[in-house]
Amino acid sequence: MRAFYFDNIPGDQRLLHDSGNPVSDDILKSIGLLHWHIPTNQQNQIDTVAKERNYKNRDTITITKQGLGDLYEAKLKSFFEEHMHEDEEIRYILEGSGFFDVREHPTDSWIRCQLDAGDLLVLPAGIYHRFTLDENNMIKALRLFKDEPKWTPINRGDLTDVNPYRVDYLKSIAVN
Ligand code: KMT
Ligand code: NI
């Protein structure tokens, strides 16, 4: 996984938008992001991580025009609205590629995470983020979750800023 600051230049969200400024692992860690690379022919290692982190369930999502049918445009639009969840968002990329943009704290800068097959990303509950396909227009990912999937996106706004999961997230990344 490669991470860099988003260039904030208006235009097609599927383009790279690389500002030329890379983001270090320490910065990713400081906002609670976890990531691993597990080659797709070694998926038993996914089971190990899932066991360690208590991810009991999983399913597969394929984001293509074919895979999503009539929902395609609406789904892509909602994935790219800035939002948070009340649980971790865990994605293992099986095929294709895409971008997860996450908000740095406290700068509020967008960090673009470029994911390819074999990348495993854990976004903590409460982090503001968004997702887009890239120009390949195809991603197939494993979604892991603890119990019930809590994937309802909660879009950013004044009320979301005081959501208990958001408040807990900010506490969890605060430097003591
Ligand atoms: C989400 O919740 O934003 C997503 O599931 C994005 C697509 S998963 C590659
Ligand atoms: Ni999300």
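A polar side-chain atom of arginine 91 lies 3.0 Å from an oxygen atom of ligand 1, a polar contact (a pair of N or O atoms within 3.5 Å). Taken alone, ligand 1 exposes 290 Å², and the protein buries 96% of that (Shrake-Rupley method, 1.4 Å probe). This is a predicted model: local features need pLDDT of at least 70, side-chain atom pairs count only at pLDDT 80 or more, and totals for chains, interfaces and linings use all residues. Residues are numbered from 1 along each chain as its sequence is written, ligands are numbered from 1 in the order in which they are written, and side-chain values use heavy atoms, without hydrogens and water.

**Ligand site**
- Ile63, Phe79, His83, His85, Glu89, Arg91, Phe131 and Ala141 surround ligand 1 (a heavy atom within 4 Å).
- This shell divides into four nonpolar, two polar and two charged residues.
- An N or O atom in the side chain of glutamate 89 is 3.2 Å from an oxygen atom of ligand 1.

**Aromatic pairs**
- The structure holds three aromatic pairs (ring centres within 6.5 Å).
- Phenylalanine 100 and phenylalanine 131 have ring centres 4.8 Å apart and planes at 50°, so the pair is tilted (stacked is under 30 degrees, edge-to-face over 60, tilted the rest).
- The pair links distant parts of the chain, 31 residues apart: phenylalanine 100 in strand S6 (residues 89–103) and phenylalanine 131 in strand S9 (residues 129–133).
- Strands are DSSP runs of E, at least two residues, numbered from the N terminus.

**Backbone in the loops**
- The peptide bond from histidine 105 to proline 106 is cis, with omega near 5°.
- Proline 106 is found in the loop between S6 and strand S7 (110–116).
- Asparagine 8 is not a glycine, yet has a positive phi of about 60°.
- The loop between strand S1 (2–6) and strand S2 (18–22) holds asparagine 8.

Notes: Polar contact = N/O pair within 3.5 Å; in protein donor to acceptor, adjacent residues only side chain to side chain. Nonpolar A, V, L, I, M, F, W, Y, C, P; charged D, E, K, R; others polar. Phe/Tyr/Trp six-rings, centres within 6.5 Å; stacked < 30°, edge-to-face > 60°. Helix = DSSP H or I, 4+ residues; strand = E, 2+ residues; numbered from the N terminus.
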